[in-house]
Structure formats: C-alpha cells, structure tokens
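Dear colleague,

Please find the structure below.

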Amino acid sequence: MDAKCGQHPDRPADRGTCGRCGTFVCDECAITAREGVLCTECLRLLDRGPYVKHARILSVLMMVHGGLVAAAGLSYVLFGGFILDELADIPADPSDPTSGMLPELTVGVFALIALVQIGPGVLQALAGWRLFHLNGVVMAWAGALVGLVGCLGCYCAPTSLAIASYAIFVLTRDDVRARIAVGVPPASPAS
Ligand SMILES: [Zn+2]
Ligand SMILES: [Zn+2]
C-alpha cells in the first residue's frame with residue numbers, strides 16, 4: 001500500500017517525508033525548504049520559536065533605521081549642493097591660495113558623509129526587508145553591522161549601536177537561526 005499524507009489520509013504522500021519530523025507529506029503539505037522538504041506543521045513550530053518574533057521586530061527596526069540613515073545621507077548631499085551654490089557666489093580671493101580649494105574640499109567632505117550613510121542605510125533597509133520574510137541571514141548580519149560604519153558620520157551612532165547589539169542577540173538565538181536556515185517565508189496564519 002502506498003504511503004498517505006499525515007494530514008490528508010486520502011492523499012498519497014507524493015513528496016515523501018518531512019525532513020524534521022518524518023511525517024509523510026502530500027503536495028499541499030510539503031514546503032520546499034533550503035535543506036529538503038518540510039511539513040507545514042514543522043514550519044509553524046519554527047515560526048513560533050521564542051525569539052522569532054524578535055527577528056521580525058529587528059527587521060522592522062532595520063527597515064526604518066536604514067531608511068532614516070539613507071535619508072540623512074541624502075540630505076547631506078542636498079545640503080552640500082546648496083553650500084556649493086553659495087560658495088560659487090563668493091569671488092575667489094586672489095591673495096588666498098586656499099580659497100579656490102574650498103568648493104573641492106566641501107564636495108569631498110559631503111561626499112564622504114553621504115557615502116558612509118546612504119550605502120549602509122540602503123543595505124540595512126534591504127536586509128531588514130529580507131529578514132522580515134525570515135530570509136537572508138548573511139545580509140541581516142551585514143546590514144546590522146554595516147550601520148556601525150555610519151557612526152563615523154554623525155548622530156546615528158547610538159541607534160546603530162543599539163541595532164547592532166540587538167541583531168547580535170537575536171541572530172545568534174538557536175530558534176532564529178533554525179528558522180532563517182529554512183529559507184522560506186512564514187507559514188500562512190490559516191490553520
Ligand atoms: Zn514535519
Ligand atoms: Zn497533506
């Protein structure tokens with residue numbers, strides 16, 4: 001006799017067994033995870049891990065914070081452009097050889113500030129988006145830690161530090177690591 005699905009006794013277990021609990025699964029019950037087939041019940045159990053909700057909280061924080069950091073970087077670019085505009089109106093003082101360098105210096109400083117903010121900010125926001133779907137653990141680490149680069153820039157140091165510390169705590173929890181390793185979005189809330 002052919003094996004039947006553990007949830008649906010009337011259906012054949014076309015997808016074999018769940019890699020975690022060994023239950024026979026049909027097409028509907030099988031979830032194709034990164035490391036083989038998983039049953040819906042096991043995915044739901046993984047979703048309910050004690051720290052998994054913290055991973056979702058962290059992901060939202062990363063999206064918001066990354067977006068704000070990137071926006072701050074962008075405002076520096078605009079501000080830098082505005083300053084350049086003003087500087088262009090000031091005639092260069094021929095007796096002062098450094099006055100001609102001022103615009104270049106300004107561009108350099110603002111470009112640097114923008115670079116250490118926009119790049120990490122965007123990366124952090126994208127990593128947060130992937131983590132929200134409980135995916136992309138490498139990117140989550142990168143996104144959380146790269147925020148520290150922004151500390152070279154400005155005020156965002158305390159929040160970046162807080163996010164990095166929270167990420168280190170959350171991403172090292174066993175249940176979070178097991179859940180993200182599956183590599184699929186959360187099970188649908190429907191039972
Ligand atoms: Zn299972
Ligand atoms: Zn089934």
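Helix 1 passes helix 6 in a left-handed crossing, that is, the near helix is turned anticlockwise from the far one by less than a right angle (clockwise would be right-handed). Helices are DSSP runs (H or I, at least four residues), numbered from the N terminus. The contact is made by Leu43, Leu46 and Asp47 of helix 1 with Ala178, Arg179 and Val182 of helix 6; contact requires C-beta atoms, placed from the backbone, within 7 Å. These residues divide into four nonpolar, no polar and two charged (nonpolar: Ala, Val, Leu, Ile, Met, Phe, Trp, Tyr, Cys and Pro; charged: Asp, Glu, Lys and Arg; polar: the others, Gly among them).

This is a predicted model: local features need pLDDT of at least 70 and side-chain atom pairs count only at pLDDT 80 or more, while totals for chains, interfaces and linings use all residues. Residues are numbered from 1 along each chain as its sequence is written, and chains are lettered from A and ligands numbered from 1 in the order in which they are written.

In helix 6, the buried residues (20 or more other C-beta atoms within 10 Å of their own) are Val176, Arg179, Ile180 and Val182. Because their arc (of directions from the helix axis to the C-beta atoms) is only 145°, they lie on the same side of helix 6. Gly183, with a positive phi near 75°, follows helix 6.

Helix 3 also passes helix 4 in a left-handed crossing. Their contact includes Pro120 and Leu123 of helix 3 and Met139 of helix 4. By class, this contact has nine nonpolar, three polar and one charged residues.

How values were computed. Helix = DSSP H or I, 4+ residues; strand = E, 2+ residues; numbered from the N terminus. Contact = placed C-beta atoms within 7 Å. Buried ≥ 20, exposed ≤ 12 C-beta atoms within 10 Å, placed from the backbone.
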